[in-house]
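Here are my notes on the model, as numbered points. Please read them beside the coordinates.

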Amino acid sequence: MSSAWLHDIGYAPDLSMTGMHQLDGARYLRDVAQADALVCRLVAHHSCAFIEARNRGLSEQLASEFPPVEGLISAAITYADMTTTPLGEPTEVEQRLAEIIARYGDGDVVAESIREASPLIVDSVRIITEALAEG
Ligand SMILES: [Fe+2]
């Protein structure tokens, strides 16, 4: 639950070191807030961050500092991120992905990384939607 609330903390201007909000946020939570290691790992990898890390040349830092978390809990953070607008309103994953790509613009590393991650993100949302429907 904590990681769902904190996953985008790396967007705070004072925390931006690499420009990759997942990594910057996880480092802040680890180094300053002394957050639980699992929370830091979930924040570091939310919404297929490994793709943006690769596109930014940060794969080694991301993977070595924050081992990825497998399974439903990881998909759940991506679900929380990708079914909510930047203002906190519910949205569909397809609209969320389109909003991110439009906001950053073609050619931007975030937009291109999200475009590449889209099938995986949609799959994570589907997995959690089905799990929620099953109760
Ligand atoms: Fe995010």
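1. Is glutamine 34 buried or exposed? Glutamine 34 is exposed, because its relative accessible area is 61%. The classes are: buried under 20% relative accessible area, exposed over 50%, partly exposed in between (1.4 Å probe, protein chains only). Glutamine 34 lies in the loop between helix H2 (21–31) and H3. Its phi is positive, about 45°, although it is not a glycine.

2. A word on the basis. This is a predicted model, where local features need pLDDT of at least 70, side-chain atom pairs count only at pLDDT 80 or more, and totals for chains, interfaces and linings use all residues. Residues are numbered from 1 along each chain as its sequence is written, and side-chain values use heavy atoms, with hydrogens and water left out.

3. Serine 47 also has a positive phi, about 55°, and is not a glycine. Its place is the loop between H3 and H4. Serine 47 is buried, with a relative accessible area of 5%.

4. The protein chain has eight helices and zero strands. Helices (H or I, at least four residues) and strands (E, at least two) are DSSP runs, numbered from the N terminus.

5. Overall dimensions come next. For 135 residues, a compact globule would have a radius of gyration near 14 Å, and the protein chain agrees, with 14 Å. That radius is taken over C-alpha atoms, and the globule rule is 2.2 Å times the number of residues to the power 0.38. The C-alpha atoms fill a box of roughly 35 × 35 × 25 Å along the principal axes. Buried residues make up 38% of the 135.

6. Look at H4 (residues 49–56) against H8 (residues 109–134). Their axes come within 8 Å and cross at roughly 140°. Axes are lines fitted to C-alpha atoms, for helices over the stretch in contact; angles run from 0 to 180 degrees between N-to-C directions. The contact (heavy atoms within 4.5 Å) involves Phe50, Ile51, Glu52, Arg54, Asn55 and Arg56 of H4, with Val109, Val110, Ser113, Glu116, Ala117 and Leu120 of H8.

7. Arginine 41 sits in helix H3 (residues 37–45). It is partly exposed, with a relative accessible area of 27%. Leaving out residues up to four places away in sequence, arginine 41 touches Phe66, Pro67, Pro68 and Val69. Arginine 27 is 14 residues from arginine 41 in sequence and 9.6 Å away in space, C-alpha to C-alpha.
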